[in-house]
Amino acid sequence: MKKATAMEQFTERFSAAVVYAILSSVAINFFFQPGHIYSSGVTGLAQILTTLSHNWLGYTIPVSVTLYALNIPLFVLAWYKIGHKFTIYTILTVTLSSIFIQLVPEVTLTTDPIINAIFGGLTMGTGIGYGLRNGISSGGTDIVSISIRKKTGRNVGFISLMFNTVIVLITGILFGWKYMFYSLLTIFVSSRVTDAVYTKQKRMQVMIVTKKAPEVCKAIQDKLHRGVTIINDAEGAYTHDKTTVLITIITRAEFSFFKAIMKKVDDTAFVSISENVKILGNFVDD
């Protein structure tokens with residue numbers, strides 16, 4: 001069962017990495033590069049280095065190469081400061097993304113920078129949000145932010161904001177202030193779409209009708225560290241068998257682990273799930 005669960009998790013994350021790689025390559029090669037729009041984070045920095053290589057060296061270093069090169073020292077940082085499993089999935093995601101960016105041809109769909117900024121941000125945000133939703137990181141500032149947070153406790157969002165501020169200022173200074181504003185637009189769109197797609201912290205109410213209440217309670221408390229409300233002496237309307245109803249709240253990110261727990265402990269239990277519930281009172285967010 002443990003091997004099956006691990007394989008399911010790998011398949012889910014590998015699929016998410018492929019989806020992110022495709023969407024990020026489309027965003028960069030269909031919208032960002034043709035429109036001279038610069039993305040957020042390390043991707044934006046990689047685009048800047050690619051543009052500078054053309055202007056200064058007379059030879060264009062592909063975005064796929066600069067993006068991967070910038071991530072290599074961050075892989076080392078993640079390996080020692082965050083965790084090996086996180087790093088392996090991040091390397092997989094960045095590698096696939098770089099390959100797809102190299103393979104997908106650069107196509108100019110429109111020369112309108114506003115359209116490129118909006119649709120590039122929408123495509124990139126969808127990819128990032130989908131990846132985060134399935135437990136993978138696209139590398140770059142994710143690694144820096146998490147490492148700094150683990151060491152200092154500073155808010156990750158604030159750290160990312162500061163990095164992106166530097167990126168857009170460099171864009172304005174080097175290429176013109178109008179490109180800074182276009183880049184700000186794409187970063188705004190991307191962040192909003194990411195928030196809409198990424199539902200990790202959305203809460204789900206789970207109601208479990210089971211005859212193995214003690215085992216299910218113990219598994220949820222030990223594996224997910226969530227409290228459980230127990231309603232004893234429930235009765236099925238058809239069979240009139242005595243059962244127990246358990247109620248707990250989990251996050252969207254914990255759902256796959258919850259499914260694995262139920263499959264292992266009581267795969268005959270009836271489970272009902274309500275999404276996006278509102279909570280009043282104590283609830284621990286990771």
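**Strand pairing, burial, aromatic pairs and a surface patch**

User: How do you know that strand β2 and strand β3 pair, and in which sense do they run?

Analyst: Strand β2 (residues 229–235) and strand β3 (residues 242–251) are joined by five bridges in the antiparallel sense, and they count as paired because DSSP has to find at least two bridges between two strands. Within this pairing, Ile230 stands opposite Leu246 of β3. The two strands form a hairpin with six residues between them, and His240 in the turn has a positive phi of about 60°. The model is a predicted one, in which local features need pLDDT of at least 70 and side-chain atom pairs count only at pLDDT 80 or more, while totals for chains, interfaces and linings use all residues. Residues are numbered from 1 along each chain as its sequence is written, and side-chain values use heavy atoms, with hydrogens and water left out.

User: Why is Asn164 called buried?

Analyst: Asn164, which lies in helix α7 (residues 156–175), has a relative accessibility of 16% and therefore counts as buried, since the term means under 20% relative accessible area, with exposed meaning over 50% and partly exposed in between (1.4 Å probe, protein chains only). Helices here are DSSP runs (H or I, at least four residues), as strands are (E, at least two), numbered from the N terminus. Apart from neighbours within four places in sequence, Asn164 is in contact with Ser40 and Gly41, contact being heavy atoms within 4.5 Å.

User: How do you know whether Ser39 is buried or exposed, and what does it touch?

Analyst: Ser39 is found in the loop between α1 (2–35) and α2 (41–57), and its relative accessibility of 5% makes it buried. Not counting residues up to four places away in sequence, Ser39 touches Phe32, Gly44, Gln47, Met124, Ile167, Thr186 and Ile187.

User: What makes Ala117 a buried residue, and which residues does it contact?

Analyst: Ala117, in helix α5 (residues 113–133), has a relative accessible area of 0% and so is buried. With neighbours within four places in sequence left aside, its contacts are Ile37, Tyr182, Leu185 and Thr186.

User: Why is the pair of Tyr68 and Phe75 called edge-to-face?

Analyst: Six aromatic pairs are found in a search of the whole structure. In the pair of Tyr68 and Phe75, the ring centres are 5.9 Å apart and the planes stand at 70°, so the pair is edge-to-face; rings of Phe, Tyr and Trp (its six-membered ring) pair if their centres lie within 6.5 Å, with planes under 30 degrees apart counting as stacked, over 60 as edge-to-face and the rest as tilted. Tyr179 and Tyr182 also form an edge-to-face pair, at 6.2 Å centre to centre and 75° between the planes; being three residues apart in helix α8, they are separated by about one helical turn.

User: What makes Leu184 partly exposed, and to which surface patch does it belong?

Analyst: Leu184, found in helix α8, has 37% relative accessibility and therefore counts as partly exposed. Together with Leu169, Ile173, Leu174, Trp177 and Phe181, Leu184 forms a nonpolar surface patch with about 610 Å² of accessible area, to which α7 and α8 (177–197) each supply at least two residues. Patch residues need over 30% relative accessible area and no salt bridge, and are joined within 9 Å for like charges or within 5 Å for nonpolar side chains (Val, Leu, Ile, Met, Phe, Trp, Tyr); a salt bridge is a Lys or Arg side-chain nitrogen within 4 Å of a carboxyl oxygen of Asp or Glu, and accessible areas come from the Shrake-Rupley method with a 1.4 Å probe, where for residues only the protein chains shown count as cover.
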